[in-house]
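Me: I'd like to learn how to read the places where chains meet. Could you walk me through this one?

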Amino acid sequence: MNVIEVKNLAKEFQIKQKRAGLKNGLAFLLRPEYKNIKAVDDLSFSVSRGELLAFIGPNGAGKSTTIKMLTGILFPSSGHINVLGFDPTKERQKLAYNIGSVFGQKPQLWYHLPAIDTYNLLARIYELDQREYKKHLAFLVEAFEIGDLLNTPVRKLSLGQRMRCEIAASLIHKPKIIFLDEPTIGLDVVAKQHIREVIKYLNEKEKVTIFLTSHDAGDIESLAKRTIIVNFGKIIFDGPTDTLKKNYIKSKIVELVTEDPIENFQFSGGTIIEKGKFDIKVELDISKNSIDKLLSFAVENFNIKDINIFDPPLEEIIADIYRAQKL
Amino acid sequence: MSQLMADKIQKDTSLGTYLSLTWEMVKMNVLSAMEYRVSFAMQVIGMIINDIGLVALWFIFFEKFPEIRGWTFRDTAALFAITTAQFSIVMILANGSFRMARMIANGEIDNFLSLPKNVLWQISLSKTEVSAFGDLLFGLVIYFFSGNLSFESFGLFILLSVITAVIFFNFIVITQSIAFFTGNFEEAAVQLFHALLGFTLYPQTAFFGILKIITLTILPAFFIAALPVEIFRNFNIFSLSLMIGFAAITFFIAIFVFKKGLRRYESGNLINIKI
Amino acid sequence: MNGVYALKIIKYFEVAKINYFNSLAYVINALSRSGVVVIRIWIFAQLYRITYAASGAEEIGGLTVAMVVWSLMMTQSFQSSGRPPVSEIIDEEVKSGALAYSINRPYSYILFHLSGYLGRSTSSLFINLLIGSAASLILVGPVKITLFGILFGAILMIFGRLLDFLISFIIGLAAFWIEDTTAIAWIYSKGQMVFGGIILPIALFPDYLQKIAEFLPFSQLFYSAARLIVSFDMELFHKFILIQFFWIAFFAALAYFIFKKGLKYVTINGG
């Protein structure tokens, strides 16, 4: 069952062209020039219930624009959107009862008050049955481990704690879909891990459909089974996250630890990323040379203590895809 | 749970729900401000001193010139009572509306679009001006210098304050909503507000000619200052109906302009849109 | 020796110049604010015409209606060109700790801010006066302004601004001890409104209050200059300049004292 259906979605903006200087400024006032920008260009995809998908792309790719259209904040120029059976353009408030969102830059929690106050207010805004709300809140508090944070003013919480409370806030009304925008930004490794676990739990146990935007490859790798990449308003990849890695890997990273100090390391197709006295990390362009040739070379020339072979970070893979698009 | 939600979706939110929610929002705003106890107290006191200063000025004026075309110090007291009362009502219940032009320019309206409640209502209640409680207190006190001190007069005073508050609110919504169409109107909206406020502080009998026309139209000081004081002095059902009629008309204009502006915002063609 | 002083003066002049051109860029803002001024002058013209008609006099307190309007226009121009108030700037610097950093600069902190204040306010002052004079001319016609009036009035104006600066500066310094100085700034601006002759000229005060008001610092900020320009009187000038000097000395000493205290506070508490 599809919870989101998008067909030929498009969004054009007309931006006034401003140019520097007083003379141009005057001309601009009298006869403004408009530039047409296609932020979203013929997008089509669907999402079924319970999916956890990553929706990524470089800045200006049309991600936020698409999400705004899905949530009813922005009107499309053309195309069809159906979210949970609603047309977001026409039934925004009705849809709002069933979706939740967390936007890093636009917090829901009232800054000077404890989170519990915002939760109680939200319960009333969403007109929830008080008993059901209390039960569900208890569940969220346990899942997010925010029990002792509830009564502290939000401004006194750390970023990680605040994020957990924000995501909990977006779930007060048991939405069927939540849109998470950069949920782990600025968090340390432990906090990131914590948030990811909660998100996973929500998706797996509660069957909440999750629409995730993140620049953090770790988020994408650990959470999203499916990834959609947008650039220049178009979808350039839509498939399992694993495929993304497999099909787009152009290099491998080889880490070597040696007995003797490494002076020189020259291998055709290999770029040194890191070098210490007894260890070295080389990125090998696999179109130029092969892994086993590199390994043979290494074994022949050095006393190898340890070898590790990695895939390049996902962000590199994605960055490569973005770059390829530009050409 | 979802069954209960489904019911919600069929019906629109009731007025009763909005009223109780309004109460909750004001409470939260006040609690939020109370976090800074000293600042809270200073703002309230500061506003009271501010208002006392205004009254002192006109007291001195009327000491030298006891009557201006029939207008005396008592009329100024009544004027101040009504204007501070209406001002504080708007500042307590709808202070967020003052920020609307800025929110529009910064794309902050998005937050309000994500929640299932009326957007204008949310914007208005997003903030409460704490010093307005000082104004309210002052308004009630200065009322006692106005000369009319019966129960009916007090009731009339409350009624007039509420109606003028609605007109004031409409004015703010209209001027701030212009930002939907021009992208940047914050400073201008503030200036218009101060201009309107400016008109309401003077003996209203001083206005004639073009200035009077201005107070009847674009800066409706006539309806929020001169007319209510007149009604307060000499109750007249016709004048009262005129005021209520003006409040209703400007209300519909305000809602219309806001809705139109919001649609424009949602089509995303503002100059400062962030993709 | 002369060279050192010359350098010092040039330095402050440069600071004033930068602030002048900076605020010129906000011409549009100034213009819209001037719109508010024009409306206010218009209101004054009507208000005082009716007020004078009610008393049946052509001249009250030595002023005709036209002189009242012109003096109010000038007082208001002087007052509004002093924005943003120095108290806000100082408050900000104290709170952010920038003050501590500025102390290490080789110029006097207070002179730096004074030059900034004078530079900023000069451009908006000219615009306000220009527009205000045009409006006053149209609404009430001209008044007899003499060269002496302008000269001596300008002296009072400059010292008046110095006084405004000092008081505002002291209010800003209160940020060392008080969380929110805007309440005090409010009180100061209310003092200006009641006793500063910006809505009701002091000359029109009831007699018993007039003497008190003239002696208070508020009337010496902007009103005394405007009053003198509109109707020059050497004796009046002497009276006003003495009162100004008194208050300037008082507030300068107070500023110095509080500043020193504040610095001690900073070094003890680390800002």
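Reply: Happy to! Two residues are in contact if their C-beta atoms, placed from the backbone, lie within 7 Å. In this structure, 28 residues of chain C are in contact with 30 residues of chain B. A word on the source: this is a predicted model, where local features need pLDDT of at least 70, side-chain atom pairs count only at pLDDT 80 or more, and totals for chains, interfaces and linings use all residues. Residues are numbered from 1 along each chain as its sequence is written, while chains are lettered from A and ligands numbered from 1 in the order in which they are written.

Me: Which elements supply at least two residues of the side of chain C that touches chain B?

Reply: Helices (H or I, at least four residues) and strands (E, at least two) are DSSP runs, numbered from the N terminus. Here they are α2 (27–55) and α8 (182–195) of chain C. The largest share, 14 residues, comes from α2(C).

Me: How do the residues of that side divide by class?

Reply: Ala, Val, Leu, Ile, Met, Phe, Trp, Tyr, Cys and Pro count as nonpolar, Asp, Glu, Lys and Arg as charged, and the others, Gly among them, as polar. The side of chain C that touches chain B has 18 nonpolar, five polar and five charged residues.

Me: How many residues of chain B are in contact with chain A?

Reply: 26 residues of chain B, and they meet 32 residues of chain A. On that side of chain B, α2(B) gives the largest share, six residues.

Me: Which chains have no contact joining them?

Reply: Chain A and chain C; their closest C-alpha atoms lie 11 Å apart. Of the two pairs that touch, chains B and C have the most contacts.
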